[in-house]
Amino acid sequence: MGGALPVSLEDIRAAAHRIADRIAETPMVPSASLGEIAGVPVWLKLEHHQTTGSFKLRGATNAVVSLSPAERARGVVAASTGNHGRALAYAAKAQGMVATICMSRLVPENKVLEIRRLGADVRIVGRSQDEAQGEVDRLVREEGLVMVPPFDHPAVVAGQGTLGLEIVNALPETATVLVPLSGGGLAAGVAAAIKGVNPKTKVIGLTMERGAAMKASLDAGRPVQVEEVSSLADSLGGGIGPDNQVTFAMCRALLDDVLLLTEAEIAAGMRHAYAREDEIVEGAGAVGIAALLAGKIRSASPVVAILSGRNVDMEQHRRVINGEGAAFAEDSP
Ligand SMILES: *Cc1c(COP(=O)(O)O)cnc(C)c1O
């Protein structure tokens, strides 16, 4: 691997130190039911129990705490499909600041309300992540706000990487880690942490078939745009940015594989989490379980699946649990 990637194990250790008393260390538990299905020991990293309901608080907190006093005074802004906005709103408020959050109209209403409740100034703009990002760029240019992006930023990636440190600390013999993948901040950080400690550990990115921007970009060898469509894994939507600086290079260097999941497989993952593990997870948080259930993971033992978030509309969750599949986006033909 070598070479200078934008975020190192040392950066991640520094982030862990910086955010230690501002985030929760989440539990990691063995799953007997998935172990039986997969034929190897399976552990679940219950990061959906993180404050604000997802790992995004790690990166947002590390970014906000790293700001200079002058930057703090200007305020922070981000575009978000929900969980980053929520995390940044919380992290900013914890530092006595107000975050401005721009999001597209595709973001579910429950997520918008939660972010407003956390004290953020929410602006709804356009029909895609890229259009929401255009408004962020304007606020940075015209009003001097400081952008904290959802994934493509060294401090954000280093913060997400602290989750990887918790995994290797809890289970040094981890052979394979299953990471939900969208813009790649989580996957880049976790892979840098885990491979920094044990280069033999495999890190596999998991995402939905519908609109898998990082997968398409890795295949093309450069950031490419994909059409944004709705998915049960709505937190995995959005592009990686045409001018990606951090996560594309890191995912290309560090990920061993990227696997795609259908809507039906993601729904099965959510059902299993609920029925067998007593866990409510959103679609994005269920992709690791989904891949194990679908028989897509062949590993030397043990496997760790990251359950990355729990922010799902409860009516949608109920429909998934009851197998009312018609309520969602159908799988592509
Ligand atoms: C943001 C998010 C992801 C994907 O993280 P990236 O850093 O964009 O790859 C996965 N799961 C949940 C719950 C998220 O909020």
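Across which strands does helix 9 lie? In this predicted model, helix 9 (residues 185-197) lies across strand 7, strand 8 (202-208) and strand 10, and runs at about 160° to strand 7.

These strands belong to an open sheet of six, ordered 1-2-10-7-8-9, in which the pairing is mixed. Strand 1 (28-30) and strand 9 (257-261) are at its edges; each has a single partner strand, so one side of each lacks a neighbour in the sheet. From one strand to the next, the twist averages 25°. Strand 7 (residues 176-180) and strand 10 (residues 303-306) run parallel and are joined by three bridges. Val 177 is opposite Val 304 in strand 10.

A second open sheet has four strands in the order 5-4-3-6, with parallel pairing. Its edge strands, strand 5 (121-124) and strand 6 (146-147), each pair on one side only. Strand 4 (residues 99-103) is joined to strand 5 by four bridges, and the two run parallel. Arg 123 in strand 5 is the bridge partner of Cys 102.

| Helix | Lies across | Angle |
|---|---|---|
| Helix 5 (residues 83-94) | strand 3 (76-79) and strand 4 | about 170° to strand 3 |
| Helix 6 (residues 109-117) | strand 4 and strand 5 | about 150° to strand 5 |

On the cysteines, a search of the whole structure finds zero disulfides. Cys 102 counts as buried because its relative accessible area is 0%, under the 20% cut-off. Cys 251 is also buried, with a relative accessible area of 1%.

Terms used. Residues are numbered from 1 along each chain as its sequence is written. This is a predicted model: local features need pLDDT of at least 70, side-chain atom pairs count only at pLDDT 80 or more; totals for chains, interfaces and linings use all residues. Side-chain values use heavy atoms; hydrogens and water are left out. A disulfide is a pair of cysteine sulfur atoms within 2.5 Å. Buried means under 20% relative accessible area, exposed over 50%, partly exposed in between (1.4 Å probe, protein chains only). Two strands pair if DSSP finds at least two bridges between them. Contact means heavy atoms within 4.5 Å. Axes are lines fitted to C-alpha atoms, for helices over the stretch in contact, and angles run from 0 to 180 degrees between N-to-C directions.
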